[in-house]
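Welcome! Here is a short tour of one protein model, taking in a few of its charged side chains and one of its sheets.

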Amino acid sequence: MACKGFGGEVIGFFLAVAFCITCPEYVSSAQRELGKGVANTSATAPPAGTVDNAIRTGPAVADPRPTPRTGPYFDIAGSKNVTALLGKTAYLNCRVKNLGNKTLNMQVSWVRHRDIHLLTVGRYTYTSDQRFRAIHLPHTEDWTLQIKYPQHRDSGIYECQISTTPHMSHFIHLNVVEPTTEIIGGPDLYIDRGSTINLTCVVLYSPEPPAYIFWNHNDAIISYDSPRGGVSVVTEKGETTTSFLLIQQARPSDSGTYQCNPSNAQSKSIVVHVLNEANSIFPLSGEYPAAMQRGGQAFAPTSATHCLVLIIGLLVALS
């Protein structure tokens, strides 16, 4: 067995020598490639025991921090349009950032746009209309224009201006509104005796809900705890405020003038007629009422029904 293995090694040796003699170019090429790989590896690999301190470049990463502004600018969130009630003091606010200690050189002014009238400069008022006043607290960013007793004519655009070069402007719109009051079904309402009186008062165009709404009956404030009973009020506040006056089991003494009185709007009245059984079809006036409530709901009769009632009344009179 040993002789057999030794003979195989000898044969292999002579084959390798013959290959090298017959193919020298292949061997030298392979050696060059092997040497190049080793040289590249040694050139790029850091020495053993050292730390790679080379700076590696890659795609630029944006700084998440906002770039600070160097000059004054308007804070839009603190400088909004204003809706004011007629006759109730209005405040137009202008918030200026980064004005810093430059107030000696830069001023914040208010200008009324419709006539390009300068109203205020800094903390000083430059108008003979005493309803206007500049308000600014030291070390704050708010520059406020106060308007007392605003009227409809005061509605419009007001310019908050910073005296930079060129000047910077922010425009604020003032809308002066007057809330209105309506009672659905007015000015007269007819209902049957024993039905439920349902009066609905609506307050429109109010920038804020009224603080309260109270009802009058014949100039007397309605008491919900009166011995009569069955009287209640439900008020829903919002952009449009609605107040419902409910009077159950209507009786003739409930007839009269009802008035809705919101705290921030003009009052509105309606005249309620409670009809007896005999007069529920033939009112004393000889006409079917323009608005009629049955079961607490108001409705208007059709012309056909109106004609039918007149014909029946005529036949009864002829008989």
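Let us begin with Arg95, which is partly exposed, with a relative accessible area of 26%. Here, buried means under 20% relative accessible area, exposed means over 50%, and partly exposed lies in between (1.4 Å probe, protein chains only). This is a predicted model, in which local features need pLDDT of at least 70 and side-chain atom pairs count only at pLDDT 80 or more, while totals for chains, interfaces and linings use all residues. Residues are numbered from 1 along each chain as its sequence is written, and side-chain values use heavy atoms, with hydrogens and water left out.

What does the side chain of Arg95 meet in a salt bridge? The partner is Asp142, at 2.7 Å from N to O; a salt bridge here is a side-chain nitrogen of Lys or Arg within 4 Å of a carboxyl oxygen of Asp or Glu. Arg95 sits in strand S3 and Asp142 in strand S8 (residues 142-147), so this pair ties together parts that are 47 residues apart in sequence. Asp142 is also partly exposed, at 25% relative accessibility.

The structure holds eight salt bridges. Three of them are set out here:

| Pair | N to O distance | Relative accessibility |
|---|---|---|
| Arg95 and Asp142 | 2.7 Å | Arg95 26%, Asp142 25% |
| Arg112 and Asp115 | 2.8 Å | Arg112 11%, Asp115 36% |
| Glu208 and Lys88 | 2.9 Å | Glu208 36%, Lys88 42% |

In the pair of Arg112 and Asp115, Arg112 counts as buried, whereas Asp115 counts as partly exposed. Salt bridges with shared partners also join Asp75, Arg95 and Asp142 into one network.

Glu208 forms its salt bridge with Lys88. Glu208 lies in the loop between strands S13 (197-204) and S14 (213-217), and Lys88 in the loop between strand S2 (82-85) and S3, so the pair ties together parts that are 120 residues apart in sequence.

Now for the sheet. Four strands form an open sheet in the order S1-S3-S8-S7, with antiparallel pairing. Strand S1 (73-74) and strand S7 (132-135) stand at the edges with a single partner strand each, so one side of each has no neighbour in the sheet. Strands (E, at least two residues) and helices (H or I, at least four) are DSSP runs numbered from the N terminus, and two strands pair if DSSP finds at least two bridges between them. S1 and S3 (residues 90-97) run antiparallel and are joined by two bridges. Which residue of S3 is the bridge partner of Phe74? That partner is Val96.
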